Amino acid sequence: MTDVCNGDDGSGGADVVADACPLAGFGDSAETRALLASLADLHADLVTRESAVERFVVIMDRYQEQPHLLDPHLEWMMNMLLDLVRNEKAPPLLVHLGFKFLYIISKVRGYKVFMQLFPHEVSDLQPVLDLLLRQDPKDTETWETRYMLLLWLAMTCLIPFDLSRLDGHLNSDPRLNREPVMDRLLAVAKAYLQVSDKPRDAAAVLVSKFVTRPDVKQKRLGDFLDWTLAMVSEASDRTMAGTVALDGALRSLAQLFKHGKRDDFLPYAPTVLRCLDQKKLTDSSQAMLRKLGVKVLQRLGLTFLKPRLAKWRYQRGSRSLAVNLGHSAVAGQAEGAKHDPEAASPEEDYDIAEEVESVIEQLLVALKDKETVVRWSAAKGIGRVTGRLPRELADDVVGSVLDCFSFQETDNAWHGGCLALAELGRRGLLLPSRLPDVVPLIVQALTYDERRGACSLGSNVRDAACYVCWAFARAYDPTELKPYVNPIASALVITAIFDRNISCRKAASVSDVNTPRQCGTFPHGIDILTAADYFAVGNLSNCYLAISVYVAGFEEYTKPMIDHLVTRKINHWDGTIRELATRALHNLTPCAPEYMANTVLPRLLAVATGMDLHGRHGAILACAEITHALYTLGCRICILIQKLSLSRMPFRDDPVIGEPAPLVSAAPCRSCHAQLLILYELSQHYSKQLVSRYLTALSSAEVQGRCGCALALGALPPFMIHNKLQQVGILHGLQEACRVVRGMEGFTEARRDAAVALARVCVTVGARSQGSPDNVVCEANVAGVYEALLDCMGDYTTDSRGDVGAWVRAAAMTGLQDVTLQVAGSSPELLTPAICQRVMSCLAQQAAEKIDRYRAHAGAVFLRLLHSTEPAVPHLPHREELLSIFPPEEAESLNWMSASEAFPRVTRLLSLPLYRYHTLLGLAVSVGGLTESTVRSVSPQRSTPNMLHLCPVPHGCPSIRVSVPLLKMLDQMLSHGCFELFVHEDSHPLCVELLALCKEEIKKSKDIQKLRSCAAVYCGLIQFQGNVRKLILVQLMLLLCHPFPVIRKSTASQVYEMLLTYDDVVDLAVLNDVTTVLSDTNWESDLTTLRGYRNQLCDWLGVPRPTLLAKVTC
């Protein structure tokens, strides 16, 4: 119902609507005529043919919303195209092109109107049938031809002559095996009911026209229904062929019971119903089959009931606009009095078939189907069947529909119920006596929103509820709806302004537009529909912040709008909606300041201490916005709070002071500011108690609780931190919250926010070397601050989201920059050479790692500290060399995000002894990382002179995070010849030490990546001369019989490549034997067998055979 003429915006009012549908006629008549006339000339060329089709589609699509404009021109267009297809000399390609154009026209205008223009004389039947029989049902390129031929055949079979006359002397010559026309037509219809493309729909239309002919139904109706029911019973919806067969059979049944006479089909209806009951289409997984089943059901229900118009139905009296607006009461009486269903004449009694109850029950069940198309079909079926029932039975149906509106039901039931009520109301089957029960449910449906995980359901329910309001406004007299206008109007306005879904807002706006016109009693209807028209409600921010203020100026809507925002929107799952709702409350406060202060604020405070996280967040923001609005209005609330604070009133047991932590457990920092400003006005006396509660919550079991309290501590103003850094333990608490604790590794967000808060507190209090550790950063506590932040630089926690420790490292880098610049500006003597060296070394390590974003952040901080002059950071190691590598004038142009630009400079830090170790750690991860561009940018071959500084092996065993990348880096260095200076020296110490480190690293290891990388390093170390080569070969032989088959296989492959690369490892006399064993042996087979091959290799390579160690038993 929201698909009206589209416009750009809502600024033009009625002009926009007028301009959106500017077509007054078929303005493309001349171009279309020329295009159709040229088809005979251009059909042979593929390019021109497709261009013509595309152009014709563009022309026709302009009239999708006004297809009636084509009516005066349909006949000549059809005649031009039929001349092409009737021409016996026309090539098949031209015939198919003509039918394609006919289909494009029928798609725009609708086949029901267009097919009536087909010529349907007796002479047309045989040619059309013959042309259809010549078509290939499996040709996917010409389905339009078959579709249009079936529609044409459906019209020609309506000729008012017995079809047997067309057979001529069929039986005069027994040698001629000719089929009657009736049988041929029926066979064609059956065949095309089982195809999988669009002609199946046309075949169902053909069946409805052909089988309902008087001569055909006498001879073939029963047989055809038997064939159809057999298809329904035998076909399975679990296969594609079965689904297609069921679709065709159900479509034909629906068309037959729709167009056939009731007396002809009533004897077959119970059989068809039993067949559908046994098939249980409601359990099918195919939505289209369920929809078709509902269509057949409703047609069966109409067949069981006599075709009569219920006398008890509600009939609106005058439809005059002047009467509706109250301008002419006399005219209204002249038009006719309103029909009173209570005074209707008694109905004729007649029996209702038992099958009707089953039909209605199944239609009510279909109202709750999971697909919209099924629910919509069921709703229309409910309306049609109810219109033929007696009043008492119809009222029972209405009651059953109202049962859908239960909060135990799903959103599907609510949506189906709304559609059914709209259909019942539109048809006059929902009597005014039912409105007291219906209207409250519709008002609830207009705000229906059910939370499901990270989203919500219910937009379709709200849209359908708008349709109900639209239908009721047209169905009932204004006097009938007058008692319910205010709740309906408020709910519609709220939906039109505050609904998150744009389609719902536009649907409510359309209902707003029509309701005042029909009812005449919509409060301030014209003014509201002018401000909240179809186009204006398209912008969500405009609805919340502008239109809402205008509408709230009418007192009928002020409190309902505020209540809706407080109850429904400030606790919404979407953060954007919560923020817009609180800003809207700020704007609406001037419309009802007393209501806000006396009613809304106490409710918000209760929500702010509740269990719902979203509710707490929204309530805090709403309190801040409303109190600010009240302050702006000059309200005395803020003054009262201030005076009570100055009077030292006893607020110790007040819930605002007694339990502040829940208010900020997950609120953003700006909310903390708002709360703290209020607390400042309340009292400075309780700041110590508040800080203590925040510090206690830093060890909470909830991540969000830790995050909120850490941010709150970072947002504390100076007066609340004074004398509390050491005495209360702010610094100690935040430092502990920054550390990784065993079992708490997943609290990454809490450590990140603690690092942010620690830096903010230090910047807030400032630095003074001889100051008190309770008040400022001084000599007594500066080491602890830097220790905590630098420890955060080593947080490499990972989980399913990836390297989440990078959040902590980024926060620590920002904190180090802020704290260092703060200390350097006020007390540079606090920055010892050890602190500066460690800060710059850690930043250099981060600037050498592989994640672009965090590398860029580290590089920016590194250069900020290096190039800072006011203040200048003292004791930077190798300052002059760093300035030569990173000149100040190139700081802006250096793109740290680009590995090809960053790493050539970072590798130059390896020449600086104090940066070498940490830079190496960063480079090891990057060189051994997974990103190809990063590995290529840091390739050792590009900076071999600098890589020579890596020759001294870093002391200490590398961590698990670094070990695999370091092994991969060593493999690349060995393969690029970085150790060429040492390989010719017998048993060089570097090779010996690397071998020992690799052996220790993979000892008892089950890490596949580590084992494979270590095998690659062994193969690279084989280039070193001396006895160490034998030791390396022994380790490789051990890996050939490793318990893991994948390690055995990969090691054999690497050793094979090693022997081909370094031909001096093995004697040439046995080289061929060694490589043959390595390549032909299945190294994933049994270890007992493989040890024999391995031992043979040891003999050829001249190394001792490994021996199994006996297990020691006690």
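Helices here are DSSP runs (H or I) of at least four residues, numbered from the N terminus. All views show a predicted model.

**View 1. T589 in the loop between α31 and α32.** The loop that holds T589 lies between α31 (575-588) and α32 (593-608). T589 has a relative accessibility of 0% and counts as buried, because buried means under 20% relative accessible area. Leaving aside residues up to four places away in sequence, T589 touches M596, I626, A629, L630 and L633.

**View 2. The cis peptide bond between E870 and P871.** E870 and P871 are joined by a peptide bond in the cis form, with omega of about 0 degrees. P871 is placed in the loop between α45 (852-867) and α46 (879-885).

**View 3. K280, a residue with positive phi.** Phi of K280 is about 55 degrees, a positive value, although K280 is not a glycine. The residue is found in the loop between α15 (269-279) and α16 (287-304). Relative accessibility of K280 is 52%, so K280 counts as exposed, the cut-off being over 50%.

**View 4. K1004, a residue with positive phi.** K1004 is not a glycine, yet its phi is positive, at about 60 degrees. Its place is in the loop between α52 (989-1001) and α53 (1008-1021). With a relative accessible area of 80%, K1004 is exposed.

How values were computed. Residues are numbered from 1 along each chain as its sequence is written. This is a predicted model: local features need pLDDT of at least 70, side-chain atom pairs count only at pLDDT 80 or more; totals for chains, interfaces and linings use all residues. Side-chain values use heavy atoms; hydrogens and water are left out. Helices (H or I, at least four residues) and strands (E, at least two) are DSSP runs, numbered from the N terminus. Buried means under 20% relative accessible area, exposed over 50%, partly exposed in between (1.4 Å probe, protein chains only). Contact means heavy atoms within 4.5 Å.
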